[in-house]
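I opened the notebook to look up a few things in one structure. The entries follow the order in which I checked them.

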Amino acid sequence: MTRSVWLKADGTVGDWESRKERITAGLEAGVDWVLVDEADVAQVRELGDVKVAAFRTDADLVEDAEPDRPEADAYVVGKNGEGDGTVDLPPDFSGSADLSTLRRDDDRAQGAYVRIFDEEYEAFAEEAATEAEYTIVVGEDWTIIPLENLIARIGDETDLIAGVTTAEEAGTAFETLEIGSDGVLLDSGDPDEIRRTCEVRDAAEREHLDLQYAEVTTVERTGMADRVCVDTGSLMEGNEGMLVGSMSRGLFFVHAETAESPYVASRPFRVNAGAVHAYVRSPGGGTQYLAELGSGDEVQIVDTDGNTRETVVGRVKIEKRPMFRVQAEVETEEGVDRIETLLQNAETIKVHTREGRTAVTDLEAGDEMLVYYEDVARHFGEAVEESIIEK
């Protein structure tokens, strides 16, 4: 599931200068959507590149009075209508103006905004979810939002967006029923709160890997090969690196060059990842060949505890260097499996053993290295159910 942060910036939060300040803070923090009044769409477009959702102010309007006015990426009904309680809910939902707009074939609105006052409004949100691409639900009291009911009943019919006012509430929304909402609508102008909410989103999306130790059986010189350094657009911490290997089922943890050395300065943006043929793990569980990486590609950073995040490649350096072949054995349910990779013969390349960060030049048979083992075959980087022999 891809999580999203929506930022509420309509007329209810203040004048345009206040809204502009909030939207600018959201752009800097990395929000996915801003929700504004329809009249503000053009001004938001001028501020930066972000998806814009707009409250539909006139559900019966087919074309804007200004033909050249920029359109929103999605229109939302419910403000000053049935969704927010301005207009009473009809006894029969079939007579709802908001729902009628959502059902129109001319795609006049893609989203519904519903404030949850009681069970009747909860039912109204469920009905809206059958028609809306995005269903935004805001509770009057966060502690009684029937979010669990909506998550359980709505399923995949819509993107469920939960109204929140803090990053802490966002974390709860993303974790509810171990499934969570698809997104949150943050109503806050505090730049720090906006930033923290985006961090909560990122953490909720991140994959966690079960790393294990494999026993080294061979470390031998193999001559020269084309070695790849992956320079990222992010600084890495001391316990972070990448997963690389000659066999997609077994990838070795290689530290980023965060440690000082008597020979070279630290380069905390770099992982010396091995030879061009090797795989590197990508966001979402795929792999890429190191030779294929280029500026702008995304790769996965992982730490020694298995926590992951994504980063963009800034540069790839390929040079001929002397190499080691490192071979290790992994204990599996079927027995022992052999995995291996090529790493540059240099003391600045560090792997992770039971003793901690270890230079590949100090690695010996019998040491235990941190690896990620996944008993699957891959075709063009994607896991497949077929037999592939790698040796």
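Ground rules. I worked from a predicted model, where local features need pLDDT of at least 70, side-chain atom pairs count only at pLDDT 80 or more, and totals for chains, interfaces and linings use all residues. Residues are numbered from 1 along each chain as its sequence is written, and side-chain values use heavy atoms, with hydrogens and water left out.

Cores. I looked up nonpolar cores, meaning sets of buried Ala, Val, Leu, Ile, Met, Phe, Trp, Tyr and Cys residues joined through side-chain atoms within 4.5 Å. Buried means under 20% relative accessible area, exposed over 50%, and partly exposed in between, with a 1.4 Å probe and protein chains only. The largest core has 46 residues, and Val31, Val34, Val36, Val44 and Leu102 touch the most other members. Helix α4 (residues 119–129) supplies the largest share of this core, five residues. Helices (H or I, at least four residues) and strands (E, at least two) are DSSP runs, numbered from the N terminus. Apart from this core lies another, of 34 residues, including Ala214 and Val360.

I then took Val36 by itself. Beyond its neighbours within four places in sequence, Val36 has contacts (heavy atoms within 4.5 Å) that include Ala9, Ile23, Val52 and Phe55.

Cysteines. I searched for disulfides (pairs of cysteine sulfur atoms within 2.5 Å) and found zero. Cys198 is buried at 2% relative accessible area, and Cys229 is buried at 3%.

Spaces. On a 1 Å grid over the protein atoms alone, a cavity is a set of points where a 1.4 Å probe fits but cannot get out; a pocket is an open set with protein on both sides within 12 Å along at least five of seven lines; lining residues have an atom within 4 Å of a point. Grid points are joined across faces, edges and corners, and a volume is the space filled by probe spheres set on the points. The largest pocket has a volume of about 350 Å³. Its lining has 14 residues, and Thr2, Asp202, Glu205, Arg206 and Glu310 lie nearest the centre. Helix α7 (residues 191–205) gives the most to this lining, three residues. I found one cavity of 30 Å³ or more. The largest cavity holds about 70 Å³, and its lining includes Glu257, Ser261 and Arg357.

Loop. Asp156 sits between α5 (147–154) and β7 (159–164). Asp156 is exposed, at 82% relative accessible area.
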